[in-house]
Amino acid sequence: MPAIEPMHQFLIHKLVGLPPVMLGGHAYDLSITNSVAMMLFAALVICALLGSASKGAIVPGRIQSLGESLFDLIDGTLVTPIIGHNGKPYIPFVFTIFMLVLVMNMMGVLLAFGHVGGQDWTFTPTAQLAVTATLAVLTFVSVLVIGFVKNGLGMYKLFWPSGMPLGMKFVMAPIEMISFFVRPLTLSMRLFGNMLGGHVVMNIFASFVVALGLVGLSGGLATLGLLGSAASLAMVIALTVLELVVAGLQAFVFAALATVYLNEVVNLGHGH
Amino acid sequence: MATPTHEGTAPASTGGLPQFDPQWWPGQIFWFLVIFLFIYVMMKVFFVPKIGGAIEARDAKIDGDIAQARKLKDEADAQAAAALADMAKARAASQKLASDARAAAQADVAAKLAVEEEKLNVSTQAAEQRIRAARDSAMGNVKTIAADTAGVIVAKLTGQAASKGEIDAALAGRA
């Protein structure tokens, strides 16, 4: 009976070794790992998809329709309604976040190649805390930088609520500040947790399919194990659909939150 | 537990989430930032202008086509109205022409009728005159015949001829 190792799928190993980079007395290993390889593959998928969607035909084909639907999801559903017309410059940023998270999320479900050439190619980069934390910090820092460029020291208004008594302002300011600075944590943990949890549950049920099936083959009363195996298989199929929904939804949620955070600093004090 | 086939798998398998293994963080962070920057630049200079431009061009084309269709429809409506007005004018003209022709024909007929009536009247009066003259002369003849006859009858009865004056006096009392 194979051991059930639901965490095995998140293991990282080196594919192409690169010499370590020395920085401040520390050696940093920047080798191409399976995680990095799948990120590069995601970039390739994004470029191929959006590249073939960039034909600019008046009557769009299938790929162009898909690309334009994704674009419209960001432009027409998020950026323009939330930020307004001065949100146009931020569309590339939000669209980049959305497409990267979307494709990386889908890698564990749609772009799963299984075990080829002694390597597991079913790997979800967004189930790596390093990746989600980097993206969350990147989003947070971008919002901060854009805020300071746009408002200068007027950024303090973000933590100094208007339209309430002075006493309440002193109570609200620390709360606003905490809720602002906790954003990188919530952004990274939300995406990481969603991807991790779904994949672990799927892996466990998939293991049950094989394990209970093997038990069932031993004959006698244990034949009932085949029933459990079939039920687990049905569960895996249902979870696959659920994971597809979660993968798309989390990408949208990440992009939506990034847009909301951008809106706060772009339209600061405009009561938008 | 799986045997470590690649370097790096061993520490992760000893427990805890492999994601918390700090050994692989720098590489993932570095490459993710590189990939993010690359995709962002591609979005900024190529994908977003191209796809957004295509959507805008399509919207503009649809708006333009609808505006032109509306313009053409207005033109067609105007032409239809003009055609309708022309038709009404033509109908009025033809009606006027028909009624004029009818009136002219009626006037012509009336004039000819009047001429013919006039002619008829003239010939009728002439005929009446002739008839009257013929009757008068006939009546004159009758008196002469009566006088002659009366003279003959008187002569036969009385054996002597009556004088012309006596006969005339007798006839005048009869006529």
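Mentor: Let's talk through the folds, the chain contact and the core.
Mentor: This is a predicted model, where local features need pLDDT of at least 70, side-chain atom pairs count only at pLDDT 80 or more, and totals for chains, interfaces and linings use all residues. Residues are numbered from 1 along each chain as its sequence is written, and chains are lettered from A and ligands numbered from 1 in the order in which they are written.

Trainee: How many helices and strands does chain A have?
Mentor: Chain A has 7 helices and 6 strands, where helices (H or I, at least four residues) and strands (E, at least two) are DSSP runs numbered from the N terminus.

Trainee: In what order along the sequence?
Mentor: The pattern of chain A reads β-β-β-β-α-α-α-β-β-α-α-α-α.

Trainee: OK, which residues touch the most other members in the largest nonpolar core?
Mentor: A:Val94, A:Ile97 and A:Phe98, out of 67 residues. A nonpolar core is a set of buried Ala, Val, Leu, Ile, Met, Phe, Trp, Tyr and Cys residues joined through C-beta atoms within 7 Å, and buried means 20 or more other C-beta atoms within 10 Å of a residue's own.

Trainee: Which helix supplies the largest share of that core?
Mentor: H3(A), with 13 residues.

Trainee: What does A:Phe98 contact, leaving aside neighbours within four places in sequence?
Mentor: A:Phe98 is in contact with A:Ile74, A:Ala251 and A:Ala255.

Note on methods:
A residue is buried if 20 or more other C-beta atoms lie within 10 Å of its own, exposed if 12 or fewer, and partly exposed in between; C-beta atoms are placed from the backbone. Two residues are in contact if their C-beta atoms, placed from the backbone, lie within 7 Å.
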